[in-house]
Amino acid sequence: MKRIAICLLLVFMPACLVFAQAPDLTGTWKLDTELSRVEASAGIVGLIRSGAPPTLHITQPTNGSVIVESQINESQSRIYKPGAKTSTPVVPSGTITMTSKWEGRTLVGEGTSESASGAPAAVKEVFSTSTDGRTLTVEVTVGGNHSTLIYTKTQAAEPCRSWPTPCKP
């Protein structure tokens with residue numbers, strides 16, 4: 001019985017260490033337009049038609065995934081599963097397929113964006129936080145285009161009635 005317990009510990013301990021080392025990206029983040037360098041064709045695919053979402057909402061469930069959403073109601077949530085591949089529909093007729101991993105305190109996603117209207121494009125997204133956890137930097141490369149998006153953590157989210165595509169009351 002003791003051997004079984006030790007074997008189970010050795011099997012599950014590395015997975016626990018991976019989740020324990022993941023930095024906390026959770027929160028509501030506002031784009032700092034002064035510090036960001038935004039190229040319209042190098043945005044976070046699926047969260048906004050072009051450019052950078054003005055606000056990001058990030059959650060990290062206990063399964064190790066990272067979920068990134070914006071305040072554009074027509075957009076899709078992006079799900080990153082470190083160590084696995086994900087595929088997300090992109091409105092109106094595309095998909096983005098990414099494989100993500102943690103590199104130290106940085107989440108790196110690499111994959112391909114495909115749409116019916118154009119050739120597939122290589123995509124790389126790198127999410128990292130400052131040491132104090134108040135600044136989120138997102139480096140986005142789509143094809144040969146690159147954006148550096150700087151977000152500041154905020155304590156409150158605006159009501160959805162003030163979003164670019166508001167919810168119904």
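Author: pLDDT is the predictor's confidence in each residue, on a scale from 0 to 100. This is a predicted model, in which local features need pLDDT of at least 70 and side-chain atom pairs count only at pLDDT 80 or more, while totals for chains, interfaces and linings use all residues. Residues are numbered from 1 along each chain as its sequence is written, and side-chain values use heavy atoms, without hydrogens and water.

Reader: Over which residues does pLDDT stay under 50?

Author: The protein averages a pLDDT of 83, and 78% of the residues score at least 70. Where pLDDT is low, the predicted coordinates should not be read in detail. The model has two contacts (heavy atoms within 4.5 Å) beyond four places in sequence for the stretch where pLDDT stays under 50, residues 4–20.

Reader: Which residues make up the covered face of strand S9?

Author: Strands are DSSP runs of E with at least two residues, numbered from the N terminus. In a regular strand the side chains alternate between the two faces of the sheet. In S9 (residues 135–142), the uncovered face has Thr135, Thr137, Glu139 and Thr141, and the covered face has Leu136, Val138, Val140 and Val142.

Reader: How many bridges join S8 to S9?

Author: Two strands pair if DSSP finds at least two bridges between them. S8 and S9 form a hairpin with five residues between them, and Gly133 in its turn has a positive phi of about 75°. Ser128 has Thr137 of S9 as its bridge partner. S8 (residues 118–129) and S9 run antiparallel, and the number of bridges joining them is seven.

Reader: What is the bridge partner of Thr135 in S10?

Author: S9 pairs with S10 (residues 145–154) in the antiparallel sense over eight bridges. Their hairpin has two residues between the strands, and Gly143 there takes a positive phi near 60°. In S10, Thr135 has as its bridge partner Thr152.

Reader: How far apart are the closest N and O atoms of Arg78 and Glu125?

Author: A salt bridge is a side-chain nitrogen of Lys or Arg within 4 Å of a carboxyl oxygen of Asp or Glu, and the structure holds two. Arg78 in strand S4 (residues 78–80) and Glu125 in S8 link distant parts of the chain, 47 residues apart. Both Arg78 and Glu125 are buried, that is, under 20% relative accessible area, with exposed over 50% and partly exposed in between (1.4 Å probe, protein chains only). In this salt bridge the closest N and O atoms are separated by 3.1 Å.

Reader: Which residue forms a salt bridge with Glu103?

Author: Glu103 is partly exposed because its relative accessible area is 43%. Lys101 also counts as partly exposed, at 39% relative accessibility. With closest N and O atoms 3.2 Å apart, the salt bridge partner of Glu103 is Lys101.

Key: Helices (H or I, at least four residues) and strands (E, at least two) are DSSP runs, numbered from the N terminus.
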